[in-house]
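Please view the sequence and the structure together before reading on.

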Amino acid sequence: MQKWKQAWQIAKFELSVSVKRFVFGSIPVVFFASLLIISFHDYLNSSFILYDVFFIIFFTGGLYYRYPDHLQSRQQWNFVPWLKMQLPLPIQQEILIKSRFIIHFCFSFPVQIAFLIIFYVASPIANLLSIPAYISFAIIWLSVNFYLGTSVPISEVYQTNRMVTVAIIIVMLFIFLFILSGSHLITDHGVVELSIIVAKKWPLTASGISLIIGLAAVKAHQVYMKKFLNQLDYL
């Protein structure tokens with residue numbers, strides 16, 4: 001816990017200089033979330049796959065966070081992540097890594113939690129799930145940020161190239177669509193629909209399993225980042 005407190009002290013500086021970017025960046029996210037709420041009724045009737053895709057993307061990243069220009073180094077097409085610029089500092093590597101996760105969660109969880117509250121009030125899902133069941137539904141989707149959304153801080157161990165990043169995103173999107181198509185064909189339900197069914201039938205079990213997987217993933221991702229950075233130091 002002490003290391004998380006130290007990591008928070010490091011993260012506070014970056015958060016303090018990113019307030020404007022957070023505010024302006026939340027405008028398209030609010031629009032995006034509004035579409036999810038408005039089209040939910042149609043999704044229940046047709047289970048169109050793109051709704052599942054957008055729902056997963058939202059809970060993977062929430063507010064798409066880009067570093068302020070003065071906190072990143074540019075080398076032609078390449079971007080040197082802020083984490084790699086911090087490594088020479090006399091701070092434990094583990095604490096720096098934890099600070100990147102804090103930054104990610106500060107820019108994603110508030111938006112996602114606000115969406116879930118509005119989603120229950122403004123969409124027909126309140127007719128499908130009781131409050132306890134909806135809390136389970138919320139935990140299931142917030143946990144997605146733990147095991148998928150933390151790919152954002154993980155990416156900071158690499159020096160990114162725009163062209164390579166775009167290519168990876170396109171490939172991952174096609175893989176995503178293939179998996180979701182399988183879900184629709186096998187179960188005749190979309191991923192969001194399935195999460196509603198699971199939360200309704202097994203709220204405690206679904207919540208517990210989601211949190212265990214999510215927290216284990218956060219721990220594993222930190223271990224991976226540290227191992228990768230140590231390999232770079234060795235080379």
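This is a predicted model: local features need pLDDT of at least 70, side-chain atom pairs count only at pLDDT 80 or more; totals for chains, interfaces and linings use all residues.

Residues are numbered from 1 along each chain as its sequence is written, and side-chain values use heavy atoms, with hydrogens and water left out.

**Overall chain**
- The chain contains 11 helices and three strands; helices (H or I, at least four residues) and strands (E, at least two) are DSSP runs, numbered from the N terminus.
- Starting at the N terminus, the order of elements is α-α-α-α-β-β-α-α-α-α-β-α-α-α.
- Of the 235 residues, 42% count as buried, a term for under 20% relative accessible area with a 1.4 Å probe, protein chains only.
- Among contacts (heavy atoms within 4.5 Å) with a separation of 6 or more, 82% join residues 24 or more positions apart.
- The accessible surface is about 13300 Å², and carbon and sulfur atoms contribute 72% of that area; the areas come from the Shrake-Rupley method with a 1.4 Å probe.

**Helix 1 and helix 6**
- The axes of helix 1 (residues 2–16) and helix 6 (residues 93–122) come within 8 Å and cross at roughly 55°; axes are lines fitted to C-alpha atoms over the stretch in contact, and angles run from 0 to 180 degrees between N-to-C directions.
- That angle makes helix 1 oblique to helix 6, because angles under 35 degrees count as roughly parallel, over 145 as roughly antiparallel, 65 to 115 as roughly perpendicular and the rest as oblique.
- The crossing of helix 1 and helix 6 is right-handed, meaning that the near helix is turned clockwise from the far one by less than a right angle.
- Residues of helix 1 in the contact include W4, W8 and L15, while those of helix 6 include I95, F101 and F107.

**K98**
- K98 lies in helix 6 and is buried, with a relative accessible area of 6%.
- Leaving aside residues up to four places away in sequence, K98 touches K3, W4, A7 and Q222.

**Helix 7 and helix 10**
- The axes of helix 7 (residues 131–149) and helix 10 (residues 191–201) come within 8 Å and cross at roughly 135°.
- Helix 7 and helix 10 are therefore oblique to each other, and their crossing is right-handed.
- Helix 7 contributes A133, S136, F137, I140 and W141 to the contact, and residues of helix 10 that they meet include V191, I196 and K200.

Methods. Buried means under 20% relative accessible area, exposed over 50%, partly exposed in between (1.4 Å probe, protein chains only).
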